[in-house]
Amino acid sequence: MDFEFTEEQMARRKEFFDVCKELERQKPPEYIGFESAYSDETCWEYDRHCAKEFAKRGWLALEWPPEYGGSGTMMDRVLFSEARGYHGVAGLDVFGVGMLAPTLFAAASDDIKREFLPPIAAAEVTWCELWSEPNAGSDLASLTCAAIKKGDEYILNGQKTWTTGAHKADWGFGVFKSDPEARSHHNLSFLLLDMKTPGITVRPLPYMNGETIYNEVYFDDVRIPAKNIVGQENEGWAVVNTLAGFERSNIDQIMSMVRGLEGLVQYCNETRRSGQLLAKDPLIRNRLAQTACDIEAARTLAYRVADLQNRNEMSLMDASALKVFASDLGERLAFLATEILGPYGQVKSSRWAPMNGTWEALYHDCFVFTISMGTNEIQKNIIAWYGLGLPRMK
Ligand SMILES: Cc1cc2nc3c(=O)[nH]c(=O)nc-3n(C[C@H](O)[C@H](O)[C@H](O)COP(=O)(O)OP(=O)(O)OC[C@H]3O[C@@H](n4cnc5c(N)ncnc54)[C@H](O)[C@@H]3O)c2cc1C
């Protein structure tokens with residue numbers, strides 16, 4: 001692909017960066033990443049404020065077809081993500097805007113699109129992802145949470161787990177076993193459900209730092225309209241695969257690394273240890289430079305994935321390769337930062353916490369991306385099978 005941006009794209013990019021820079025000024029200090037919105041009320045209000053600012057500019061629907069309010073291309077979406085990631089601002093519901101909306105365009109009926117897309121574009125609703133279960137994570141197709149059709153309803157029974165933000169979400173998209181007799185992968189349906197439906201219980205799954213971001217969700221004879229299906233009954237696995245591609249191709253995480261590295265470089269340029277500037281330590285310089293090269297490679301890979309998505313040519317392997325590379329890199333960056341900061345790097349909520357405790361929080365969070373959205377080991381299997389044509393292991 002041609003990495004040169006057009007003048008129009010550069011103008012758009014500037015507009016995105018200007019708005020995000022202003023929203024960064026309004027950011028509460030507690031806001032570290034999109035998950036902060038789920039654990040802190042001030043961060044949640046900030047998230048919704050940013051979402052409304054984006055919605056009124058039409059930016060939550062950027063690459064959508066014009067009849068649904070779209071005004072740009074997939075590359076505009078990438079440039080917008082870069083701006084949000086660099087300035088670390090909230091306001092994009094990763095589940096509704098990032099994953100579900102493009103999936104609905106690819107797989108849903110016109111009725112579903114007309115009902116569910118406008119509230120997403122207007123930032124009127126937030127979503128959560130109801131996939132994983134206690135005994136079905138990597139092997140998602142073995143899930144047991146049931147959705148059995150009776151008349152014009154599905155009746156849901158069972159449990160989901162790890163559901164990020166379920167306690168805040170208005171709606172959830174999930175995959176359920178709709179035929180207990182049918183063969184594997186042809187027994188699942190992809191459904192949309194109102195999280196306030198009677199029979200749904202959301203219980204917090206406290207994270208190791210004490211925050212409430214993730215949840216268990218229980219379904220006890222939950223009745224949802226049968227019309228809320230995406231794709232065909234028992235063929236939800238195809239929809240899962242479509243959505244998974246969108247789930248793994250976010251560039252904002254990479255841009256937040258660019259910003260994180262800039263902060264780290266500044267810290268090393270200003271901080272002396274044993275009388276010497278950290279920036280003059282050859283080991284630190286070497287590792288910062290290597291990280292800068294890796295981030296640039298990740299960014300290029302993300303542009304490539306966006307370009308392939310734009311042309312409807314993206315394979316499962318491309319998104320998986322980016323996911324593995326970017327999440328491993330995020331982990332290496334957080335480890336490097338806490339090594340450079342030394343013991344004070346473990347301090348938070350204190351005047352002794354360097355860089356406002358940001359790296360203490362990112363150290364806890366960095367490995368999440370290597371597990372969620374399908375672990376990196378599973379992504380490597382996908383690369384081996386679909387990308388390299390290697391045989392499957394029994
Ligand atoms: C912070 C966080 C947030 C999450 N948010 C959500 C959410 O919002 N919604 C949702 O539905 N889910 C969510 N998840 C769940 C996530 O998708 C699963 O944790 C993930 O798919 C792994 O499943 P598991 O935890 O059951 O691990 P397992 O599948 O039990 O895997 C355990 C280990 O075995 C490895 N492994 C398993 N099978 C293979 C294989 N075939 N080849 C090689 N290695 C293998 C895995 O890589 C892993 O290291 C979240 C998870 C985390 C940690």
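Me: How far does a polar side-chain atom of Ser138 lie from an oxygen atom of the ligand?
Reply: This is a predicted model, and the distance is computed from its atoms. Ser138 is listed among the closest of the 18 residues that surround the ligand, together with Ser132, Thr164, Thr375 and Glu377. Between a polar side-chain atom of Ser138 and an oxygen atom of the ligand, the distance is 2.6 Å.

Me: How far apart are the C-alpha centres of domain 1 and domain 2?
Reply: The protein is divided into domain 1 (7–92), domain 2 (128–235) and domain 3 (248–387). Domain 1 brings six residues to its contact with domain 2, which brings eight residues. The C-alpha centres of these two domains are separated by 28 Å.

Me: Which three residues supply 76% of the area that domain 1 buries against domain 2?
Reply: About 580 Å² is buried between domain 1 and domain 2, and carbon and sulfur atoms give 60% of that area. On the side of domain 1, a share of 76% comes from three residues, more than any other three supply, and they are Glu35, Tyr38 and Ser39.

Me: Which residue forms a salt bridge with Glu41?
Reply: Across the interface of domain 1 and domain 2 the rule finds one salt bridge, along with three residue pairs in polar contact. In the salt bridge of Glu41 the closest N and O atoms are 2.8 Å apart, and the partner is Lys168.

Me: Which helix gives the most to the side of domain 1 that touches domain 2?
Reply: Helix H2 (36–39) and helix H3 (41–56) each supply at least two residues of that side. The side as a whole divides into three nonpolar, one polar and two charged residues. With three residues, the helix that gives the most is H2.

Me: How many residues apart in sequence are the parts that Glu82 and Arg299 tie together?
Reply: The structure holds 23 salt bridges, and one of them joins Glu82 to Arg299, with the closest N and O atoms 3.5 Å apart. Glu82 lies in helix H4 (residues 74–87) and Arg299 in helix H9 (residues 282–310), so the pair ties together parts whose separation in sequence is 217 residues.

Methods. Residues are numbered from 1 along each chain as its sequence is written. This is a predicted model: local features need pLDDT of at least 70, side-chain atom pairs count only at pLDDT 80 or more; totals for chains, interfaces and linings use all residues. Side-chain values use heavy atoms; hydrogens and water are left out. Domain bounds come from an automatic or database domain assignment. Contact means heavy atoms within 4.5 Å. Buried area is the accessible area (1.4 Å probe) that two parts lose on being put together, summed over both. A salt bridge is a side-chain nitrogen of Lys or Arg within 4 Å of a carboxyl oxygen of Asp or Glu. A polar contact is a pair of N or O atoms within 3.5 Å; within protein, one must be able to donate a hydrogen and the other to accept it, and residues adjacent in sequence count only if both atoms are side-chain atoms. Helices (H or I, at least four residues) and strands (E, at least two) are DSSP runs, numbered from the N terminus. Ala, Val, Leu, Ile, Met, Phe, Trp, Tyr, Cys and Pro count as nonpolar, Asp, Glu, Lys and Arg as charged, and the others, Gly among them, as polar. A residue is near a molecule or strand if one of its heavy atoms lies within 4 Å of it.
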